[in-house]
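Try each one with the model open, then read through the solution.

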Amino acid sequence: MKPDALPVWRRRLFLTAGAATLAGAAADSAATPVWGARESSPADTLPEALQPGQWIWLAAETGGGPLLMLVSLTEQRAYLYRNGVRVAISTVSTGKPGHETPTGVFTVLQKDKNHHSSLYNNAPMPYQQRLTWDGVALHAGGLPGYPESHGCVHLPSEFARRLFAITHLGMTVVVARQGVSPTSTVHPGPLAPVRSDGSAPLDSPRLSEGEAWRWTPEAAPGDGPLALVLSLSDLRLVVLRQGLEIGRSRIVLRQGAPAPGWGTHAYVMGEGTLPGEVAGYPAGQAPAWFGLALPGQEAEAGQPLDRTALERVSLPSGFLAALLPGLRPGSVLVVTDQAILPSTTGPARRLIDDLPPH
């Protein structure tokens, strides 16, 4: 059977993060420069370890749901979230002094794959996604490791190509800077810090002392795909739908702490359930998870998650009973040794524009 004839969840198993190339872009214009790395860094690379021009791409593997992009001017990095889960990171170069990139909440107004500047000597701006009508946009461009653009957000060429292929008009882009924006948007983590429409920060409270789990499906009604993020360092499982948290639970690892450097791995739920009994699950209800080909982990594509791995993670029975009916083929599970709980607490802060578009 050809991959195109398979269900969506199985087609994802044929994807590998390094399969795409810049051949199409080269065919469009042989004279267009190529900026940045041509392939994704490994999925386990920490954002702060990325060198100028480097990026991480997991987005082809990680299911459906709304997209949100967050650009940190302070970090000179961009973060892409799908259904509330971080699926891509890239180094960027933003506006230099005198041409600063404005902070605030924007939407993609226009897309132009082969754009050339009308202001700067017809300079190529491949995979342009316009954020303001006066010239601020996302596009492929130079990446020296510091702000050097005239206000646009420069991206690596291959990252910009992949981003252009999956975004849509109206997608939200949040631009944040230290001293102007909430810390959670300047230094974002694995979970999206703002709603996918950019309307408000997401402030999911911690579980209180003695509270084992919380289930609030009314926060995102409907039957959209679920995304699960399990943090081995925080011992928490968070469930999201349409980019909003609908559940959170403490977990217990039956065999103690994970090995250092376990990293980040992702799985997609297949059809059917695991045969036989799986400890902690009602009979015949343990979901079958299959590995996804994250960068540097291509050999895991299609490999079933061992039942002993499921049994190692103990969830409260009430939380599991609420979660299982909502899982469908195509649901995604991300397991990471990175923290998902905020390191500090405090009152919610509103995102403020100091340089609104004009």
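Before you start: a residue is called buried when its relative accessible area is under 20%, and exposed when that area is over 50%. Keep in mind, too, that this is a predicted model.

**Exercise 1. Find the side chains of Arg77 and Glu75, and work out whether each residue is buried or exposed.**

Step 1: Look at the contact. Arg77 and Glu75 join their side chains in a salt bridge, with 3.2 Å from N to O.

Step 2: Check Arg77. Its relative accessible area is 11%, so Arg77 is buried.

Step 3: Check Glu75. Its relative accessibility is 17%, so Glu75 counts as buried too.

Step 4: The structure holds 5 salt bridges. As background, oppositely charged side chains can pair when their charged atoms come close.

**Exercise 2. Which parts of the chain does the pair Glu245 and Arg214 tie together?**

Step 1: Find the bridge. The side chains of Glu245 and Arg214 form a salt bridge at 3.5 Å, N to O.

Step 2: Glu245 sits in strand β14 (residues 244–250) and Arg214 in strand β11 (residues 213–215), so the pair ties together parts that are 31 residues apart in sequence.

Step 3: Check the burial. Glu245 has a relative accessible area of 14% and is buried; Arg214, at 16%, counts as buried as well.

Step 4: Look for another partner of Glu245. Arg248 also meets Glu245 in a salt bridge, at 2.9 Å from N to O, and both of these residues are buried.

**Exercise 3. What is the strand order of the open sheet of 7 strands, and which strands are at its edges?**

Step 1: Trace the order. It runs β11-β14-β13-β12-β19-β16-β17, with mixed pairing.

Step 2: Pick out the edges. β11 and β17 (287–291) each pair on one side only.

Step 3: Zoom in on one pairing. β16 (residues 264–273) and β17 pair in the antiparallel sense over 4 bridges. Tyr267 has Gly291 in β17 as its bridge partner.

Methods:
Residues numbered from 1 in each chain as written. Predicted model: local features only at pLDDT ≥ 70, side-chain atom pairs only at ≥ 80, totals over all residues. Heavy atoms only, no water. Salt bridge = Lys/Arg side-chain N within 4 Å of Asp/Glu carboxyl O. Buried < 20%, exposed > 50% of the residue type's maximum accessible area, 1.4 Å probe, protein only. Helix = DSSP H or I, 4+ residues; strand = E, 2+ residues; numbered from the N terminus. Pairing = 2+ DSSP bridges.
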